Amino acid sequence: MTNRLSKRNSMKKKQSGIHSIIYLIYLFVILMVIWMTLTLSFEKQELFTGIIVSFILSLTLYSTFQIIGFPKVTVKKIIFLCIYIIILFKEIIIANLDVAYRVIHPKMPIKPGIIIIKTELKQDLAKMILANSITLTPGTFTLDIDDDKLLIHWINVKTDNIEEATKIIGARFEKYLKVIFA
Amino acid sequence: MHIFGVIITGIGALFLFIGSLGVFRMPDVYNRVQAGTKCTTLGSFLTIIGVGIMQPEWFWKTLIIVVFVLISNPVSSHALGRASRKSGISLCDKSIVDKTKEFKGYQE
């Protein structure tokens, strides 16, 4: 793990200084947006405090942010991200109704099991989002992740074949994440 | 508008109740985590958003809280599940498949 991190660090260092400034600005904007939403006022004092605190935080944290990695922003990716969020919310609602049904049903119709699925995503951030999305969707949650394999607990196992399980669980998110993190 | 917020909060409370019922009814740790996270996600969303609808000046703040819950909820359930799998807590009798042994880091 430390080996991988240090390798990536040295890789990042080779890139130009402009690159790290972009990350600094990204982080500053994100922090500033959160601050503005929380305070909901445009008074000078509030804005001034927000700018100072966000700047200090982004100065101290941007190197960590750089390790996480952030894809380049294009219009197509933003559209796909919006579609992705809508699909995610739809799946969350289905997941809740599904599990609620299994809990309330007197006979508890569950067929639990632990299976493995594969992913084609490369970036750590993309894998993290995939794993978290799987946790939020019907009857599945991620136990562990290792390179391109995910260990998944499934409340209603339909298949123990890796390819089929990947199609059922992972594919619906993966096709969007592949475009977003291309 | 106020009544709409109350209804939303009520539905959220219902989901939270089902979630806690699931924690009691499910047979093993992993299924309990499933019930505990799935139902509480929508439950807490609706409860918090409902409060935001009742008090319109809080709406954006509640939206931010929901985003944080959306990010942190799966992480906590993943941490619980991974820790119990690593410490070797077995699955319930109803389970039909267990591929943990094929996964790197679990062969002991």
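1. Chain B and chain A bury about 4,000 Å² between them, and carbon and sulfur atoms give 72% of that. Buried area here is the accessible area (1.4 Å probe) that two parts lose on being put together, summed over both. On the chain B side, Arg25(B), Lys38(B) and Phe103(B) supply 18% of the area buried against chain A, more than any other three residues.

2. A word on the ground rules: this is a predicted model, where local features need pLDDT of at least 70 and side-chain atom pairs count only at pLDDT 80 or more, while totals for chains, interfaces and linings use all residues. Residues are numbered from 1 along each chain as its sequence is written, chains are lettered from A and ligands numbered from 1 in the order in which they are written, and side-chain values use heavy atoms, leaving out hydrogens and water.

3. Who takes part? The contact (heavy atoms within 4.5 Å) draws 46 residues from chain A and 45 from chain B.

4. The count between the two chains is 1 salt bridge, meaning a side-chain nitrogen of Lys or Arg within 4 Å of a carboxyl oxygen of Asp or Glu. Look for the side chains of Asp144(A) and Arg82(B), 3.1 Å from N to O.

5. Now a helix pair (helices are DSSP runs of H or I, at least four residues, numbered from the N terminus). Asn132(A), Thr135(A) and Leu136(A) in α5(A) touch α3(B) at Leu70(B), Ile71(B), Pro74(B), Val75(B) and Ser77(B).

How values were computed
Helix = DSSP H or I, 4+ residues; strand = E, 2+ residues; numbered from the N terminus.
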